[in-house]
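Here is a short tour of the pockets in this structure. Follow along in the sequence and the 3D view.

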Amino acid sequence: MLEKQEYTLQSDEEIVKTTLVNSDCFAILVERYEQKFLRYIYRLLGRNEIDAEDILQEAFIKIYQHLNDFDSSLKFSSWGYRIVRNETIDKIRRQNKNLTVKLTEEEFIQIADKFELHQKLDDDLLKQKILNSINSLKIKYREPLILFLLEEKSYEEISDILCKPVGTVGSLINRGKSKLKNLLA
Amino acid sequence: MALSEKIITAIKSEHIKPTPRWHHILKNYLFIALYIAAIIIGGFVFSAGLFLIANQDWNLNIYLKSNQIIFYLSVLPYFWLLILAVFAGLSFYNLYRTKRGYKFPIILAAAVYLILTSLFGWGLYRFGLGVKIEQTAAKIPYYNQLNYTRGVWSKHENGLMAGKIVSISYNQIRLLDLDGETWTIDISSTTGKNLIYEEKDVKIIGEKINSTTFKATSIRPWCGCMGCAKHQGQSCLDHCSALMQ
């Protein structure tokens, strides 16, 4: 049996195989991904901490339950993001909420850079404009844009997370960017 | 407590186990099987529609006094096209529930569905199954009303009649039409008399005399062959044209 330190050197896919033999190894995957998944849930939910941590816990348990369904042709992170996304969307639907994005200072800078917005970002009006613009987009554009702009996922990864063809992901992102650019102009 | 500890504790205390691999494999294969079933059924539907188009009387617009284009649009097998669309939808539903189905763009999935159902359906039609499927569907209530091709042969006022020959006597036949009504058909001056025998399904062009009598000028086979073995390898109309000579 390897020491915990040696497990941390293994790839996600190897740890999945090991977890199916020894459930304690799942802790390594949780530690690797909890911050990323939590940040993604915040982006979808809008910073409701209690809900986000509950969803994260449920998502990890679901990931554990579905480990035998993990397709090794996918990246574990894409597969994990898919389950987290589905759990979050389900929670939002059950609570009859809308998917609204809230952004950190860093995220505002990221978007401002990508859309070449050269005004100062301590301008609250600009921040509000960015936020309102993103939230006014239809969900079919907002979700891939969040994954592309903020999570910095590739088209292939977004395709695996959202279960849409790569071509469709590309179209949605391009159309979403164009709509967002018009709104921010 | 760190999240990882919480989760491991929950897994152990609630005895949570990964769903067995066979469960996921079975679920995936089930959706694949349903996808293939939708294509197969689509093939049967296609063959029935193809039978109707291949055996259409394209010159009937003359008797119906209608515009040719409108007539051509009217006789398309909409009932079968609708069923085909339903099964196309089911095939996409099942494809996108397989493990890797989501990678296929909808246009590609639609093209594959159409190509496979057309090829399979054409094969079924060539072996005479198209006519059998269509005749079986004719027993469904209201099918005749939904199927313009059958419905048009109930337009007695326009001189069109179809049905099964019930009995034959000198220069007249008794016919059970598509609506289940019995008619006396005067065949004293008709072509196609060699097609007249009991239990034969026929189409008749002529003139309605009254509510129970019809004077025939031309008798044609309904498809002609009913999937008889002789027409295999030959188009239905070619075989039936030979019968009428």
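A pocket is found on a 1 Å grid over the protein atoms alone: it is an open set of points where a 1.4 Å probe fits, with protein on both sides within 12 Å along at least five of seven lines, and its lining residues have an atom within 4 Å of a point. Grid points are joined across faces, edges and corners, and a volume is the space filled by probe spheres set on the points. This is a predicted model, in which local features need pLDDT of at least 70, side-chain atom pairs count only at pLDDT 80 or more, and totals for chains, interfaces and linings use all residues. Residues are numbered from 1 along each chain as its sequence is written, and chains are lettered from A in the order in which they are written.

Start with the largest pocket. Its volume is about 980 Å³. It is lined by 31 residues, and Arg82(A), Asn86(A), Cys163(A), Tyr96(B) and Arg97(B) are the closest to its centre. Two or more lining residues come from each of α5 (76-94) and α10 (166-184) of chain A and α2 (21-54) of chain B. Helices are DSSP runs of H or I with at least four residues, strands are runs of E with at least two, and both are numbered from the N terminus. α5(A) contributes the most, seven residues.

Now the second largest pocket. It holds about 320 Å³ of space. Its lining has 13 residues, with Ala138(B), Arg150(B), Lys164(B), Leu178(B) and Asp201(B) nearest the centre. β1 (160-169) and β2 (172-177) of chain B each give two or more residues. The largest share, three residues, belongs to β1(B).

Definitions and conventions: Heavy atoms only, no water.
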